[in-house]
Amino acid sequence: MLSALHAEFQKAHRRHDLAICLVVPVVVFLWTGRLTSNDPEELANAYSALLYALPVLNAILMPVVMALLASRLWDIEVKGSTTKLLYTLQSRRSLFAAKAAFGIGEVVLMVALEMGAAVLLGRTQHYTEALPVGQLFYLGGCTLAVDVMLYLSELLLMLAWENPLPALCVSIVGALVGLFSAFMPPIVSYFVPWGYFVPLSSYEVAVWDQETHTVLYGTRPFNWGLLAFTAALAAVLFAAVWRMMRDKEV
Amino acid sequence: MLKRCIVAENRKLHASPIWAMFVVLPLISAGYGTFNYLQNLEILTEQWYSLWTQHTLFYSMLFFPAMVSAYAAYLWRLEHMGHNWNLIMAVPVRPFDLFLAKFLVVVKLMCFTQVFVYILYLVCGRLFAGFTDWPPVSTLFFMLRGVLGGLAVAAAQLVLAMLIRSFAVPIFLGLVGGIMGMLLGSKGFSLLWPYCLMQQGMNANRSEDMLAGNAVPFLLACAGWLAAVFVIAGVVLEKRDVKA
(Lines give C-alpha, C1' and ligand atoms only; values in the text may rest on other atoms or scores of the structure.)
Protein backbone atom coordinates (compact mmCIF):
# COMPACT_ATOMS: atom_id res chain seq x y z
CA MET A 1 0.00 0.00 0.00
CA LEU A 2 2.77 2.45 0.96
CA SER A 3 4.74 1.72 -2.19
CA ALA A 4 1.56 2.20 -4.25
CA LEU A 5 0.98 5.54 -2.54
CA HIS A 6 4.60 6.47 -3.19
CA ALA A 7 4.00 5.65 -6.87
CA GLU A 8 1.00 8.01 -6.88
CA PHE A 9 3.21 10.78 -5.47
CA GLN A 10 5.74 10.12 -8.22
CA LYS A 11 3.01 10.27 -10.87
CA ALA A 12 1.85 13.57 -9.40
CA HIS A 13 5.35 15.01 -9.80
CA ARG A 14 5.09 18.05 -12.12
CA ARG A 15 1.35 17.45 -12.49
CA HIS A 16 0.79 20.61 -10.43
CA ASP A 17 -2.04 19.15 -8.36
CA LEU A 18 -0.93 21.36 -5.47
CA ALA A 19 -1.50 24.42 -7.65
CA ILE A 20 -5.07 23.24 -8.32
CA CYS A 21 -5.62 22.77 -4.58
CA LEU A 22 -4.35 26.32 -4.12
CA VAL A 23 -6.38 27.93 -6.92
CA VAL A 24 -9.69 27.07 -5.25
CA PRO A 25 -8.99 28.98 -2.00
CA VAL A 26 -7.58 31.87 -4.02
CA VAL A 27 -10.78 32.09 -6.09
CA VAL A 28 -12.86 31.84 -2.92
CA PHE A 29 -10.73 34.55 -1.30
CA LEU A 30 -11.14 36.92 -4.25
CA TRP A 31 -14.81 36.22 -4.73
CA THR A 32 -15.93 36.47 -1.12
CA GLY A 33 -13.53 39.36 -0.48
CA ARG A 34 -15.52 41.35 -2.98
CA LEU A 35 -18.77 40.73 -1.11
CA THR A 36 -17.80 42.66 2.01
CA SER A 37 -17.55 46.45 2.23
CA ASN A 38 -15.98 48.60 4.94
CA ASP A 39 -19.36 49.45 6.43
CA PRO A 40 -19.13 48.82 10.23
CA GLU A 41 -22.55 47.17 10.27
CA GLU A 42 -21.49 44.73 7.55
CA LEU A 43 -18.17 44.01 9.27
CA ALA A 44 -20.04 43.17 12.46
CA ASN A 45 -21.95 40.53 10.51
CA ALA A 46 -19.20 39.59 8.10
CA TYR A 47 -18.27 36.05 9.21
CA SER A 48 -21.94 35.11 9.10
CA ALA A 49 -22.18 36.53 5.57
CA LEU A 50 -19.02 34.67 4.58
CA LEU A 51 -20.16 31.33 5.99
CA TYR A 52 -23.53 31.84 4.29
CA ALA A 53 -21.88 32.55 0.91
CA LEU A 54 -19.22 29.81 0.98
CA PRO A 55 -21.60 26.86 0.43
CA VAL A 56 -23.06 28.58 -2.66
CA LEU A 57 -19.57 29.13 -4.06
CA ASN A 58 -18.71 25.52 -3.28
CA ALA A 59 -21.83 24.36 -5.14
CA ILE A 60 -20.55 26.17 -8.25
CA LEU A 61 -16.87 25.23 -8.02
CA MET A 62 -16.52 21.91 -6.27
CA PRO A 63 -18.31 19.53 -8.67
CA VAL A 64 -15.96 20.63 -11.46
CA VAL A 65 -12.90 20.62 -9.17
CA MET A 66 -13.69 17.09 -7.95
CA ALA A 67 -14.09 15.90 -11.55
CA LEU A 68 -10.78 17.59 -12.29
CA LEU A 69 -9.00 15.76 -9.45
CA ALA A 70 -10.53 12.40 -10.38
CA SER A 71 -9.65 12.95 -14.01
CA ARG A 72 -6.04 13.92 -13.19
CA LEU A 73 -5.67 10.80 -11.09
CA TRP A 74 -7.10 8.25 -13.54
CA ASP A 75 -6.55 9.86 -16.95
CA ILE A 76 -2.80 9.30 -16.60
CA GLU A 77 -3.46 5.54 -16.67
CA VAL A 78 -5.85 5.84 -19.61
CA LYS A 79 -3.48 7.95 -21.69
CA GLY A 80 -0.50 5.77 -20.90
CA SER A 81 -2.53 2.56 -21.37
CA THR A 82 -1.02 1.40 -18.11
CA THR A 83 -4.11 -0.18 -16.58
CA LYS A 84 -3.30 -3.67 -17.90
CA LEU A 85 0.20 -3.38 -16.50
CA LEU A 86 -0.99 -2.12 -13.12
CA TYR A 87 -3.74 -4.70 -12.81
CA THR A 88 -1.25 -7.50 -13.37
CA LEU A 89 1.83 -6.19 -11.54
CA GLN A 90 0.24 -5.05 -8.29
CA SER A 91 -2.79 -6.02 -6.29
CA ARG A 92 -5.95 -4.18 -7.27
CA ARG A 93 -6.60 -3.48 -3.61
CA SER A 94 -3.34 -1.52 -3.26
CA LEU A 95 -3.96 0.37 -6.52
CA PHE A 96 -7.45 1.36 -5.40
CA ALA A 97 -6.32 2.22 -1.87
CA ALA A 98 -3.52 4.44 -3.20
CA LYS A 99 -5.80 6.26 -5.66
CA ALA A 100 -8.50 6.77 -3.04
CA ALA A 101 -6.05 7.87 -0.33
CA PHE A 102 -4.19 10.26 -2.63
CA GLY A 103 -7.40 11.82 -3.98
CA ILE A 104 -9.03 12.16 -0.58
CA GLY A 105 -5.77 13.62 0.77
CA GLU A 106 -5.92 16.30 -1.92
CA VAL A 107 -9.55 17.03 -1.02
CA VAL A 108 -8.64 17.36 2.69
CA LEU A 109 -5.82 19.75 1.78
CA MET A 110 -8.13 21.83 -0.39
CA VAL A 111 -10.83 22.10 2.27
CA ALA A 112 -8.24 23.03 4.92
CA LEU A 113 -6.85 25.74 2.64
CA GLU A 114 -10.36 27.02 1.91
CA MET A 115 -11.18 27.30 5.60
CA GLY A 116 -7.79 28.97 6.13
CA ALA A 117 -8.64 31.44 3.36
CA ALA A 118 -11.89 32.28 5.18
CA VAL A 119 -9.99 33.06 8.40
CA LEU A 120 -7.36 35.02 6.48
CA LEU A 121 -10.09 37.05 4.79
CA GLY A 122 -11.52 37.95 8.19
CA ARG A 123 -8.10 39.11 9.36
CA THR A 124 -7.21 41.12 6.26
CA GLN A 125 -10.61 42.81 6.02
CA HIS A 126 -10.76 43.48 9.78
CA TYR A 127 -14.04 41.70 10.50
CA THR A 128 -15.38 42.83 13.85
CA GLU A 129 -17.59 39.77 14.36
CA ALA A 130 -15.98 37.09 16.54
CA LEU A 131 -14.79 34.09 14.53
CA PRO A 132 -17.43 31.36 14.96
CA VAL A 133 -14.95 28.50 15.34
CA GLY A 134 -17.57 25.79 15.86
CA GLN A 135 -19.50 26.89 12.76
CA LEU A 136 -16.29 26.99 10.75
CA PHE A 137 -15.39 23.42 11.75
CA TYR A 138 -18.92 22.26 10.95
CA LEU A 139 -18.73 23.93 7.54
CA GLY A 140 -15.32 22.34 6.96
CA GLY A 141 -16.67 18.91 7.89
CA CYS A 142 -19.71 19.28 5.63
CA THR A 143 -17.62 20.57 2.73
CA LEU A 144 -15.22 17.65 3.15
CA ALA A 145 -18.04 15.09 3.25
CA VAL A 146 -19.72 16.45 0.11
CA ASP A 147 -16.40 16.86 -1.69
CA VAL A 148 -15.34 13.28 -0.96
CA MET A 149 -18.74 12.00 -2.10
CA LEU A 150 -18.47 14.00 -5.35
CA TYR A 151 -14.84 12.94 -5.87
CA LEU A 152 -15.76 9.25 -5.56
CA SER A 153 -18.73 9.65 -7.91
CA GLU A 154 -16.47 11.28 -10.51
CA LEU A 155 -13.84 8.56 -10.07
CA LEU A 156 -16.56 6.01 -10.68
CA LEU A 157 -17.51 7.74 -13.92
CA MET A 158 -13.86 7.91 -14.96
CA LEU A 159 -13.48 4.17 -14.38
CA ALA A 160 -16.71 3.33 -16.13
CA TRP A 161 -15.96 5.27 -19.34
CA GLU A 162 -12.15 5.47 -19.42
CA ASN A 163 -12.68 8.95 -20.83
CA PRO A 164 -12.88 12.15 -18.79
CA LEU A 165 -15.59 13.74 -20.94
CA PRO A 166 -18.65 12.10 -19.28
CA ALA A 167 -17.28 12.87 -15.81
CA LEU A 168 -16.63 16.50 -16.71
CA CYS A 169 -20.02 16.88 -18.45
CA VAL A 170 -21.79 15.43 -15.41
CA SER A 171 -19.86 17.78 -13.13
CA ILE A 172 -20.73 20.90 -15.15
CA VAL A 173 -24.40 19.94 -15.36
CA GLY A 174 -24.29 18.94 -11.67
CA ALA A 175 -22.84 22.32 -10.70
CA LEU A 176 -25.62 24.08 -12.61
CA VAL A 177 -28.35 21.92 -11.05
CA GLY A 178 -26.74 22.23 -7.61
CA LEU A 179 -26.62 26.00 -7.89
CA PHE A 180 -30.24 26.20 -8.99
CA SER A 181 -31.34 23.88 -6.20
CA ALA A 182 -29.97 26.46 -3.73
CA PHE A 183 -32.64 28.89 -4.90
CA MET A 184 -35.46 26.36 -5.09
CA PRO A 185 -37.74 25.24 -2.24
CA PRO A 186 -35.55 23.46 0.39
CA ILE A 187 -37.03 20.02 -0.30
CA VAL A 188 -35.67 20.15 -3.88
CA SER A 189 -32.10 20.53 -2.66
CA TYR A 190 -32.27 17.16 -0.88
CA PHE A 191 -32.54 15.45 -4.27
CA VAL A 192 -29.47 17.15 -5.75
CA PRO A 193 -26.25 15.75 -4.22
CA TRP A 194 -24.04 18.22 -6.14
CA GLY A 195 -25.65 21.04 -4.20
CA TYR A 196 -25.64 19.45 -0.72
CA PHE A 197 -23.31 22.24 0.42
CA VAL A 198 -26.32 24.56 0.70
CA PRO A 199 -28.86 22.49 2.72
CA LEU A 200 -25.99 21.44 5.00
CA SER A 201 -25.15 25.08 5.72
CA SER A 202 -26.12 26.29 9.18
CA TYR A 203 -26.55 29.93 8.16
CA GLU A 204 -29.68 31.50 6.73
CA VAL A 205 -30.98 34.95 5.95
CA ALA A 206 -32.90 36.09 9.03
CA VAL A 207 -33.79 39.62 7.95
CA TRP A 208 -33.75 41.06 4.46
CA ASP A 209 -34.84 44.66 4.03
CA GLN A 210 -35.16 45.22 0.31
CA GLU A 211 -35.40 49.01 0.61
CA THR A 212 -32.34 49.59 2.79
CA HIS A 213 -30.46 46.59 1.37
CA THR A 214 -29.91 45.34 4.90
CA VAL A 215 -29.28 41.64 5.37
CA LEU A 216 -28.98 39.98 8.77
CA TYR A 217 -27.94 36.37 9.05
CA GLY A 218 -29.06 33.86 11.63
CA THR A 219 -28.13 30.27 12.34
CA ARG A 220 -30.18 27.12 12.22
CA PRO A 221 -29.45 23.75 13.83
CA PHE A 222 -26.71 21.61 12.29
CA ASN A 223 -28.15 19.22 9.72
CA TRP A 224 -26.64 16.00 11.15
CA GLY A 225 -29.15 13.81 9.32
CA LEU A 226 -28.13 15.05 5.87
CA LEU A 227 -24.46 14.96 6.84
CA ALA A 228 -24.83 11.30 7.86
CA PHE A 229 -26.66 10.59 4.59
CA THR A 230 -23.84 12.27 2.64
CA ALA A 231 -21.26 10.16 4.48
CA ALA A 232 -23.31 7.04 3.75
CA LEU A 233 -23.55 8.00 0.07
CA ALA A 234 -19.78 8.49 0.01
CA ALA A 235 -19.33 5.04 1.59
CA VAL A 236 -21.60 3.45 -1.05
CA LEU A 237 -19.68 5.18 -3.83
CA PHE A 238 -16.39 4.09 -2.24
CA ALA A 239 -17.61 0.49 -2.35
CA ALA A 240 -18.84 0.93 -5.92
CA VAL A 241 -15.48 2.30 -7.09
CA TRP A 242 -13.64 -0.57 -5.40
CA ARG A 243 -16.02 -3.12 -6.91
CA MET A 244 -15.58 -1.64 -10.37
CA MET A 245 -11.79 -1.65 -10.08
CA ARG A 246 -11.77 -5.17 -8.65
CA ASP A 247 -14.03 -6.64 -11.36
CA LYS A 248 -12.68 -4.76 -14.36
CA GLU A 249 -11.51 -7.00 -17.18
CA VAL A 250 -7.84 -6.75 -18.08
CA MET B 1 -6.75 22.24 -46.77
CA LEU B 2 -8.68 24.20 -44.18
CA LYS B 3 -11.88 22.62 -45.48
CA ARG B 4 -10.45 19.12 -45.01
CA CYS B 5 -9.37 20.02 -41.49
CA ILE B 6 -12.91 21.20 -40.72
CA VAL B 7 -14.36 17.96 -42.10
CA ALA B 8 -11.97 16.00 -39.86
CA GLU B 9 -12.92 18.01 -36.81
CA ASN B 10 -16.61 17.59 -37.54
CA ARG B 11 -16.09 13.84 -37.75
CA LYS B 12 -14.87 13.84 -34.13
CA LEU B 13 -18.26 15.13 -33.03
CA HIS B 14 -20.19 12.18 -34.47
CA ALA B 15 -21.97 10.31 -31.64
CA SER B 16 -19.94 12.28 -29.13
CA PRO B 17 -21.13 12.62 -25.51
CA ILE B 18 -20.61 16.36 -25.92
CA TRP B 19 -24.08 16.58 -27.51
CA ALA B 20 -25.66 15.46 -24.24
CA MET B 21 -24.23 18.51 -22.51
CA PHE B 22 -25.26 20.69 -25.46
CA VAL B 23 -28.88 19.65 -24.90
CA VAL B 24 -29.03 19.33 -21.12
CA LEU B 25 -27.30 22.53 -19.97
CA PRO B 26 -29.57 25.01 -21.81
CA LEU B 27 -32.63 22.92 -20.89
CA ILE B 28 -31.82 23.15 -17.16
CA SER B 29 -31.00 26.83 -17.46
CA ALA B 30 -34.31 27.50 -19.22
CA GLY B 31 -36.32 25.36 -16.79
CA TYR B 32 -34.87 27.09 -13.75
CA GLY B 33 -35.12 30.54 -15.37
CA THR B 34 -38.78 30.10 -16.16
CA PHE B 35 -39.53 28.70 -12.69
CA ASN B 36 -37.73 31.59 -11.02
CA TYR B 37 -39.49 34.13 -13.23
CA LEU B 38 -42.91 32.71 -12.37
CA GLN B 39 -42.05 32.70 -8.66
CA ASN B 40 -41.02 36.38 -8.66
CA LEU B 41 -43.59 38.06 -10.85
CA GLU B 42 -44.02 40.93 -8.38
CA ILE B 43 -40.33 41.94 -8.77
CA LEU B 44 -39.75 40.88 -12.37
CA THR B 45 -42.16 43.15 -14.16
CA GLU B 46 -40.59 43.59 -17.58
CA GLN B 47 -41.96 40.44 -19.16
CA TRP B 48 -39.68 39.25 -22.00
CA TYR B 49 -36.67 41.23 -20.69
CA SER B 50 -37.11 39.84 -17.18
CA LEU B 51 -37.46 36.32 -18.53
CA TRP B 52 -34.27 36.84 -20.58
CA THR B 53 -32.29 37.79 -17.47
CA GLN B 54 -33.54 34.72 -15.61
CA HIS B 55 -32.75 32.39 -18.51
CA THR B 56 -29.25 33.65 -19.18
CA LEU B 57 -27.79 34.98 -15.90
CA PHE B 58 -25.93 31.93 -14.59
CA TYR B 59 -25.57 30.47 -18.07
CA SER B 60 -23.61 33.41 -19.46
CA MET B 61 -21.54 34.11 -16.35
CA LEU B 62 -20.47 30.65 -15.27
CA PHE B 63 -21.58 27.79 -17.42
CA PHE B 64 -21.08 29.11 -20.94
CA PRO B 65 -17.27 29.37 -20.45
CA ALA B 66 -17.18 25.88 -18.92
CA MET B 67 -19.26 24.48 -21.78
CA VAL B 68 -17.13 26.11 -24.49
CA SER B 69 -14.06 24.84 -22.62
CA ALA B 70 -15.45 21.31 -22.83
CA TYR B 71 -16.03 21.72 -26.59
CA ALA B 72 -12.47 22.98 -27.05
CA ALA B 73 -10.82 20.38 -24.80
CA TYR B 74 -12.72 17.60 -26.54
CA LEU B 75 -11.42 18.65 -29.96
CA TRP B 76 -7.80 18.75 -28.74
CA ARG B 77 -7.97 15.57 -26.66
CA LEU B 78 -7.29 13.26 -29.58
CA GLU B 79 -4.15 15.18 -30.55
CA HIS B 80 -2.78 14.75 -27.02
CA MET B 81 -3.14 10.95 -27.19
CA GLY B 82 -0.16 8.80 -28.16
CA HIS B 83 2.03 10.39 -30.84
CA ASN B 84 -0.75 12.22 -32.65
CA TRP B 85 0.98 15.58 -32.24
CA ASN B 86 3.85 14.29 -34.40
CA LEU B 87 1.32 13.06 -36.91
CA ILE B 88 -0.70 16.24 -37.28
CA MET B 89 2.35 18.50 -37.38
CA ALA B 90 3.79 16.36 -40.17
CA VAL B 91 0.71 16.49 -42.42
CA PRO B 92 0.92 18.92 -45.35
CA VAL B 93 -1.33 21.51 -43.73
CA ARG B 94 -0.43 24.91 -42.34
CA PRO B 95 -0.28 24.47 -38.55
CA PHE B 96 -2.55 27.45 -38.04
CA ASP B 97 -5.21 25.80 -40.22
CA LEU B 98 -5.42 23.01 -37.64
CA PHE B 99 -6.21 25.59 -34.99
CA LEU B 100 -8.55 27.56 -37.23
CA ALA B 101 -10.54 24.44 -38.13
CA LYS B 102 -11.04 23.62 -34.47
CA PHE B 103 -11.99 27.22 -33.79
CA LEU B 104 -14.63 27.21 -36.53
CA VAL B 105 -16.10 23.94 -35.28
CA VAL B 106 -16.27 25.26 -31.70
CA VAL B 107 -17.92 28.43 -33.03
CA LYS B 108 -20.43 26.28 -34.88
CA LEU B 109 -21.26 24.43 -31.66
CA MET B 110 -21.44 27.74 -29.81
CA CYS B 111 -23.88 29.16 -32.39
CA PHE B 112 -26.05 26.04 -32.16
CA THR B 113 -26.08 26.39 -28.38
CA GLN B 114 -27.03 30.06 -28.52
CA VAL B 115 -29.83 29.37 -31.00
CA PHE B 116 -31.08 26.53 -28.81
CA VAL B 117 -31.03 28.85 -25.78
CA TYR B 118 -33.05 31.40 -27.73
CA ILE B 119 -35.58 28.82 -28.94
CA LEU B 120 -36.07 27.63 -25.36
CA TYR B 121 -36.51 31.24 -24.25
CA LEU B 122 -39.14 31.75 -26.92
CA VAL B 123 -40.99 28.52 -26.12
CA CYS B 124 -40.92 29.09 -22.35
CA GLY B 125 -42.12 32.66 -22.78
CA ARG B 126 -45.07 31.70 -24.95
CA LEU B 127 -46.05 28.42 -23.29
CA PHE B 128 -45.22 28.81 -19.61
CA ALA B 129 -44.93 32.52 -18.91
CA GLY B 130 -48.09 33.11 -20.95
CA PHE B 131 -46.81 35.99 -23.10
CA THR B 132 -49.09 36.60 -26.03
CA ASP B 133 -46.70 38.81 -28.01
CA TRP B 134 -43.24 38.03 -29.43
CA PRO B 135 -39.97 38.93 -27.70
CA PRO B 136 -38.38 42.30 -28.52
CA VAL B 137 -35.88 42.25 -31.38
CA SER B 138 -33.23 43.51 -28.97
CA THR B 139 -33.13 40.10 -27.27
CA LEU B 140 -32.16 38.61 -30.62
CA PHE B 141 -29.30 41.10 -30.75
CA PHE B 142 -28.31 40.15 -27.20
CA MET B 143 -27.99 36.58 -28.37
CA LEU B 144 -25.92 37.56 -31.41
CA ARG B 145 -23.71 39.81 -29.29
CA GLY B 146 -23.22 36.86 -26.96
CA VAL B 147 -21.82 34.90 -29.91
CA LEU B 148 -19.46 37.77 -30.77
CA GLY B 149 -18.31 38.02 -27.15
CA GLY B 150 -17.91 34.26 -27.00
CA LEU B 151 -15.48 34.15 -29.96
CA ALA B 152 -12.55 35.29 -27.82
CA VAL B 153 -13.51 32.79 -25.10
CA ALA B 154 -13.58 29.97 -27.65
CA ALA B 155 -10.19 30.98 -29.05
CA ALA B 156 -8.63 31.38 -25.59
CA GLN B 157 -9.95 28.01 -24.48
CA LEU B 158 -8.62 26.37 -27.63
CA VAL B 159 -5.16 27.79 -26.89
CA LEU B 160 -5.35 26.53 -23.29
CA ALA B 161 -6.55 23.09 -24.41
CA MET B 162 -3.76 23.02 -27.00
CA LEU B 163 -1.05 23.88 -24.47
CA ILE B 164 -2.33 21.84 -21.52
CA ARG B 165 -2.34 18.13 -22.18
CA SER B 166 -4.91 17.42 -19.49
CA PHE B 167 -8.54 17.35 -20.58
CA ALA B 168 -9.99 18.67 -17.34
CA VAL B 169 -7.63 21.52 -16.43
CA PRO B 170 -8.68 23.86 -19.31
CA ILE B 171 -12.33 23.31 -18.35
CA PHE B 172 -11.59 24.29 -14.77
CA LEU B 173 -9.66 27.32 -16.03
CA GLY B 174 -12.67 28.23 -18.18
CA LEU B 175 -14.89 28.21 -15.11
CA VAL B 176 -12.34 30.30 -13.18
CA GLY B 177 -12.14 32.66 -16.18
CA GLY B 178 -15.93 33.10 -16.05
CA ILE B 179 -15.81 33.86 -12.32
CA MET B 180 -12.99 36.38 -12.83
CA GLY B 181 -15.03 37.88 -15.67
CA MET B 182 -17.99 38.29 -13.35
CA LEU B 183 -15.81 40.02 -10.72
CA LEU B 184 -14.05 42.29 -13.22
CA GLY B 185 -17.32 43.09 -14.99
CA SER B 186 -18.86 44.27 -11.73
CA LYS B 187 -15.89 46.66 -11.32
CA GLY B 188 -16.40 48.09 -14.81
CA PHE B 189 -13.41 46.41 -16.49
CA SER B 190 -15.48 44.37 -18.89
CA LEU B 191 -13.47 45.08 -22.01
CA LEU B 192 -10.18 44.11 -20.41
CA TRP B 193 -10.90 40.41 -19.98
CA PRO B 194 -12.24 38.17 -22.77
CA TYR B 195 -14.54 36.21 -20.48
CA CYS B 196 -16.43 39.42 -19.64
CA LEU B 197 -17.31 40.11 -23.25
CA MET B 198 -19.85 37.33 -23.57
CA GLN B 199 -21.50 38.38 -20.31
CA GLN B 200 -21.71 41.98 -21.51
CA GLY B 201 -23.01 40.98 -24.92
CA MET B 202 -25.75 38.79 -23.50
CA ASN B 203 -27.00 41.59 -21.25
CA ALA B 204 -27.90 38.94 -18.73
CA ASN B 205 -28.21 40.82 -15.47
CA ARG B 206 -30.28 43.88 -16.20
CA SER B 207 -33.19 44.93 -18.38
CA GLU B 208 -31.62 48.08 -19.83
CA ASP B 209 -28.96 47.62 -22.50
CA MET B 210 -25.50 47.47 -20.85
CA LEU B 211 -23.86 48.30 -24.17
CA ALA B 212 -26.06 51.30 -25.05
CA GLY B 213 -23.67 53.76 -26.73
CA ASN B 214 -20.71 51.45 -26.16
CA ALA B 215 -21.14 49.04 -29.03
CA VAL B 216 -18.01 50.18 -30.86
CA PRO B 217 -15.60 49.66 -27.91
CA PHE B 218 -17.27 46.26 -27.34
CA LEU B 219 -16.77 45.23 -30.97
CA LEU B 220 -13.19 46.50 -30.93
CA ALA B 221 -12.49 44.56 -27.74
CA CYS B 222 -13.97 41.40 -29.27
CA ALA B 223 -11.84 41.82 -32.40
CA GLY B 224 -8.74 42.78 -30.39
CA TRP B 225 -8.90 39.82 -28.02
CA LEU B 226 -9.62 37.43 -30.87
CA ALA B 227 -6.67 38.75 -32.88
CA ALA B 228 -4.37 38.57 -29.85
CA VAL B 229 -5.30 34.96 -29.15
CA PHE B 230 -4.92 34.02 -32.83
CA VAL B 231 -1.43 35.53 -32.87
CA ILE B 232 -0.48 33.57 -29.74
CA ALA B 233 -1.88 30.35 -31.24
CA GLY B 234 -0.06 30.98 -34.54
CA VAL B 235 3.27 31.70 -32.86
CA VAL B 236 2.99 28.69 -30.55
CA LEU B 237 2.13 26.34 -33.40
CA GLU B 238 4.90 27.65 -35.64
CA LYS B 239 7.71 27.97 -33.12
CA ARG B 240 7.10 25.49 -30.32
CA ASP B 241 8.53 22.00 -30.50
CA VAL B 242 6.10 19.12 -30.32
CA LYS B 243 6.06 17.27 -27.02
CA ALA B 244 4.52 13.90 -27.76
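Biologist: How much area do chain A and chain B bury between them, and what share of it is on carbon and sulfur atoms?

Modeller: Keep in mind that this is a predicted model. Chain A and chain B bury about 3,100 Å² between them, and 86% of that lies on carbon and sulfur atoms.

Biologist: And how many residues does each chain bring to the contact?

Modeller: Chain A gives 33 residues and chain B gives 34 residues.

Biologist: What about charges: how many salt bridges run between chain A and chain B?

Modeller: For a salt bridge, you look for a Lys or Arg side-chain nitrogen within 4 Å of an Asp or Glu carboxyl oxygen. Between chain A and chain B the count is one salt bridge. It joins A:Asp75 to B:Arg77, with the closest N and O atoms 3.2 Å apart.

Biologist: Which elements of chain A give two or more residues to the side that touches chain B?

Modeller: Three helices of chain A: helix H2 (17-35), helix H4 (46-79) and helix H8 (164-182). H8(A) supplies the largest share of that side, 11 residues. Sorted by type, the residues of the side of chain A that touches chain B are 26 nonpolar, two polar and five charged.

Biologist: Let's zoom in on H8(A). At what angle does H8(A) pack with helix H2 of chain B?

Modeller: H8(A) and helix H2 (residues 18-39) of chain B pack at about 0°, and their axes are 10 Å apart. Angles under 35 degrees count as roughly parallel, so H8(A) is roughly parallel to H2(B).

Biologist: Which residues make that contact?

Modeller: From H8(A), look for A:Leu165, A:Cys169, A:Ile172, A:Val173, A:Leu176, A:Val177 and A:Phe180. Facing them from H2(B) are B:Ile18, B:Met21, B:Val24, B:Leu25, B:Ile28, B:Ser29 and B:Tyr32. The contact of H8(A) with H2(B) divides into 13 nonpolar residues, one polar and no charged.

Biologist: Back to salt bridges, then. How many are there over all chains?

Modeller: By that rule, 13 salt bridges over all chains. One of them pairs A:Glu8 with A:Lys11, the closest N and O atoms being 3.1 Å apart.

Biologist: How far apart are A:Glu8 and A:Lys11 along helix H1 of chain A?

Modeller: They sit three residues apart in helix H1 (residues 2-11) of chain A, so about one helical turn separates A:Glu8 from A:Lys11.

Methods:
Residues numbered from 1 in each chain as written. Chains lettered and ligands numbered in written order. Predicted model: local features only at pLDDT ≥ 70, side-chain atom pairs only at ≥ 80, totals over all residues. Heavy atoms only, no water. Contact = heavy atoms within 4.5 Å. Buried area = accessible area lost by both parts, 1.4 Å probe. Helix = DSSP H or I, 4+ residues; strand = E, 2+ residues; numbered from the N terminus. Nonpolar A, V, L, I, M, F, W, Y, C, P; charged D, E, K, R; others polar. Axes fitted to C-alpha atoms, helices over the stretch in contact; angles between N-to-C directions. Parallel < 35°, antiparallel > 145°, perpendicular 65-115°, else oblique.
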